[in-house]
Amino acid sequence: MESLGPLISWARTRGVELDGIAPQQMPGRGIGAVATRSIKAGQVLMTIPAGAILRLDSVPASISSRLPSASIHGLLAAQLAAGCDAETALRRDAMPSLQSFAATTPLFWHRRLRDLLPAGARRLVARQETALERDWAAFHEGFPGVARDAYLRCWFLVGTRAFYHETDATLGYPWEDRLALLPVADMFNHAGVPGCAVAFSPEAYTVTATRACARGDEVFLSYGEHSNDFLLAEYGFLLDDNPWDTADLGAFVLSGLDAEQQAELRARGFDECVVGPGEQWHLPDGALDILGRHFAGEPPRRAANGGRQGKPQKERVLAAVLTRFLDEIRDVKSAIRAVTVGDDAQCATLLRRWDQIEALVKRAIRGVPS
Ligand SMILES: C[S@@+](CC[C@H](N)C(=O)[O-])C[C@H]1O[C@@H](n2cnc3c(N)ncnc32)[C@H](O)[C@@H]1O
């Protein structure tokens, strides 16, 4: 990425204000926002007037008319990729390269590594791929002269840097597509417990400190209460200490059952199976009989002993599912160590993610009353 200097100078001419923070290179996190002096809770750190924002109604007709059914994500990416004006070039040049995404973003990983992602992340990456290919196909038809890599970079820039933007116009789009790009404010890195918060009105976005911080501290924003599967798939990083992290065992629970058992489990209310700090098990009572037989060797339930299907059995079943999942994690980690595709950093990221899931599951087992 180029220096943010020229972008900040331009942004100031459009009314963007920074007070007490500045961009700085942070080890392992690219650029982040760092306090240039001590900051008090409640202090406004940044103001971004609506006129400086790249948003649905600022995409020129020369671009939107060629993409009649594009998502907002697709339109913003198109403007970044195909816009020839000096302002668009300035925004684009201040943002990271495609190579920096390719290294960390699972969508770019070899298929065999992607298959070793946890199920939750795998699902998100598959959904991301569908959306990207749909947007690229539409863009390529409208702008055949722009190379795929150039578009890919812009599409990921929007996906990893846009802010939620709700207006009368964006309300017509799905909520996750109500996006806008804010110059310079996209330098904030994410933390599960952030140091500032964003608010927006029709006139401006405002970033305000939510707690005091000392000069030299990085000031983090929250991108949302996301699990590490989400952060990895969507943003290409993991947090070591993520209060919102969860492990999704749903696919694992279903994978050992035949189609009939899976259908029966779903019919009995089994939808998802998630563990994490403060996360309650979502195993419906109706599913315990099937899971008990499969995971804990429980005998089939008979009407006469229905009274035995109380709490103790539920806990035995939970502990058995979790313990079997630990075996699965051990096998996946061995498979990752044995792969001959991808690079060391990608394998290390995968192993780190499975270590985090293993820790979550072990904590959940300790929390199951014996
Ligand atoms: C909105 S940008 C933040 C600015 C970015 N660091 C940069 O250099 O331009 C989001 C991207 O920053 C990185 N990032 C954000 N928070 C991070 C964190 N806590 N740890 C590591 N990388 C992070 C990820 O690459 C993510 O896709």
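A cavity here is a set of grid points where a 1.4 Å probe fits but cannot get out, and its volume is the space filled by probe spheres set on those points. Keep in mind that this is a predicted model.

With that in hand, there are two cavities of 30 Å³ or more in the structure.

Around it are Leu 67, Ala 70, Gly 74, Ala 78, Asp 135, Ala 138, Phe 139 and Tyr 151. Which elements give two or more residues to this lining? They are helix H3, residues 72-82, and helix H7, residues 119-142. H7 contributes the most, with three residues. Sorted by class, the lining of this second largest cavity has six nonpolar residues, one polar and one charged.

Now the sheet. Four strands make an open sheet, ordered S1-S4-S8-S7, with antiparallel pairing. S1, residues 17-18, and S7, residues 196-200, are at the edges; each has a single partner strand, so one side of each has no neighbour in the sheet. For S1, the pairing with S4, residues 44-49, is antiparallel and runs over two bridges. Within S4, Thr 47 is the bridge partner of Glu 17.

That is what I have for today.

Note on methods:
Residues numbered from 1 in each chain as written. Predicted model: local features only at pLDDT ≥ 70, side-chain atom pairs only at ≥ 80, totals over all residues. Heavy atoms only, no water. 1 Å grid on protein atoms, 1.4 Å probe; cavity = no way out; pocket = protein on both sides within 12 Å on 5 of 7 lines; lining within 4 Å. Nonpolar A, V, L, I, M, F, W, Y, C, P; charged D, E, K, R; others polar. Pairing = 2+ DSSP bridges.
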